[in-house]
Amino acid sequence: MTEIAKDWRNDIYAVFKDLNVTVVSHVPDAGHTPLINLCEKDNEIDVVTLTTEQDGVGLSCGAYAGGKRSALLMQSSGVGNCINALALPNICRVPFLTLVSMRGEWGEFVPWQVPMGLGTPKVLEAMDIKVFRADYKEEVGSTVDAAARFAFNTNRSAAVLLSQKMIGAKQFKNG
Amino acid sequence: MIERRPFVQKILNNRKDNLRVVSGIGTSTWDLMSAGDNEGNFGFIGAMGQSIPFALGLAKAKPNYRILLFTGDGDTLMSLGSIATIANHPVSNLTIIVLDNESYVETGSQPTATAGKTDLELIAKGSGISNSYTVKSENDYQKIMTTVYEEDGPSFIVVKCQAKATPLVFPHSFDGSVSINRFMGSMKS
């Protein structure tokens, strides 16, 4: 088995395939990159690079209206950009799934990441999003599976916070 | 200057079975509903800035339908990045018509950026949507119809129109779940 096959992003990709998620939009984050790469290699998955995370909310809802399941991948800093847009899946009872790679919570180097990192779960809950969390690699697959089924089966919004403890905090070096 | 409501109604007169229509928040939704109730319509009444990415998602998921979005300059200006996204993830079945009255009419007719120096056609072209043009006369109606039903998109049309308050025409339901389920039921393939 190759190294990438053991990566927890493969477990997320397996959930996408199992539950027929065929539209994946993102503003990229390093934590999601292996998953984005897996999706881009898959001809059955339409990968859309956004200019702002909120557009992924509308895109997901439009794709749902057309009969397709989707997921939005973003960093915690992008959650704040989505707040008003999240009214759309809420009022239309569209199953909306987002996977959020966390910054600003565990060994963070960049202080600018802290405010939105602290605010991310509160903001999502304030908008009636069901928040799931994965702190360990072993639980990513089952957590994403549970969140996706919650969204698709109950026509509600669900977010999975992928913890910085699991992803790993990048330590920046000057020069 | 074009009077927007009769112009929208004219575009939708004798609409074909393969057309599905989305409208952005505000006057565009009242305009769309004024053309008559139709299960193939979905109108935004909130979530400003989301109608363009919604239309992209719908067009991707329903390649066998022609997707037409009517929206305003205010809604469009809130989501300029989505135009770049559409240009780089092109869908051939999508036409965006911006009813550009250069004004936030519903809130008291404050001028938008397009009343000043901003040109949405140039923004669309610069974003990479080559089939972008501006219409200032109703005589260009047939050109629009060809774009909506026949041309390879994505297409982006700016319709310069009067900034005039018009009566509200409500959709079938204000409940989004009712609206979207009815809309989804109108599409079979």
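Because the model is predicted, local features need pLDDT of at least 70 and side-chain atom pairs count only at pLDDT 80 or more, whereas totals for chains, interfaces and linings use all residues. Residues are numbered from 1 along each chain as its sequence is written, and chains are lettered from A and ligands numbered from 1 in the order in which they are written.

Between the two chains, 25 residues of chain B are in contact with 27 residues of chain A; two residues are in contact if their C-beta atoms, placed from the backbone, lie within 7 Å. Helices (DSSP runs of H or I, at least four residues) and strands (runs of E, at least two) are numbered from the N terminus. On the side of chain B that touches chain A, at least two residues each are supplied by α3 (51-61), α5 (80-88) and α8 (176-185) of chain B. The largest share of this side, eight residues, comes from α3(B). Divided by class, the side of chain B that touches chain A has 12 nonpolar, 11 polar and two charged residues. In this classification Ala, Val, Leu, Ile, Met, Phe, Trp, Tyr, Cys and Pro count as nonpolar, Asp, Glu, Lys and Arg as charged, and the others, Gly among them, as polar.

Axes are lines fitted to C-alpha atoms, for helices over the stretch in contact, and angles run from 0 to 180 degrees between N-to-C directions. α3(A) passes α3(B) in a right-handed crossing; a crossing is right-handed if the near helix is turned clockwise from the far one by less than a right angle, and left-handed if anticlockwise. The residues of α3(A) that meet α3(B) include D55(A), G58(A), L59(A) and C61(A), and those on the α3(B) side include P53(B), F54(B), G57(B) and K60(B). The residues of this contact divide into 10 nonpolar, four polar and two charged.

Within chain B, the axes of α3(B) and α5(B) come within 9 Å and cross at roughly 20 degrees. The two helices are therefore roughly parallel to each other; angles under 35 degrees count as roughly parallel, over 145 as roughly antiparallel, 65 to 115 as roughly perpendicular and the rest as oblique. The crossing of α3(B) past α5(B) is left-handed. Here I52(B), P53(B) and L56(B) in α3(B) meet S82(B), I83(B), T85(B) and I86(B) in α5(B), and the residues of the contact comprise five nonpolar, two polar and no charged. α3(B) is mostly covered, with 11 of its 11 residues buried. A residue is buried if 20 or more other C-beta atoms lie within 10 Å of its own, exposed if 12 or fewer, and partly exposed in between, with C-beta atoms placed from the backbone.

R4(B), R5(B), V8(B) and Q9(B) in α1(B) meet D31(B), L32(B) and S34(B) in α2(B). This contact has two nonpolar, two polar and three charged residues.

The largest nonpolar core has 94 residues, of which V100(A), V160(A), A55(B), L69(B), I96(B), I97(B) and V159(B) touch the most other members. The largest share of this core, seven residues, comes from α3(B). A nonpolar core is a set of buried Ala, Val, Leu, Ile, Met, Phe, Trp, Tyr and Cys residues joined through C-beta atoms within 7 Å. Leaving aside neighbours within four places in sequence, V159(B) is in contact with I2(B), F7(B), I97(B), V98(B), L99(B), D100(B) and V135(B).

Some backbone features lie in loops. A cis peptide bond, with omega about 0 degrees, joins G153(B) and P154(B); P154(B) is placed in the loop between α7 (141-149) and β8 (155-160) of chain B. A47(B), although not a glycine, has a positive phi of about 55 degrees. A47(B) is found in the loop between β2 (41-43) and α3 of chain B and is buried, with 25 other C-beta atoms within 10 Å. N155(A), in the loop between α7 (140-154) and β6 (157-162) of chain A, is not a glycine and has a positive phi of about 55 degrees. N155(A) counts as partly exposed, with 16 C-beta neighbours inside 10 Å.
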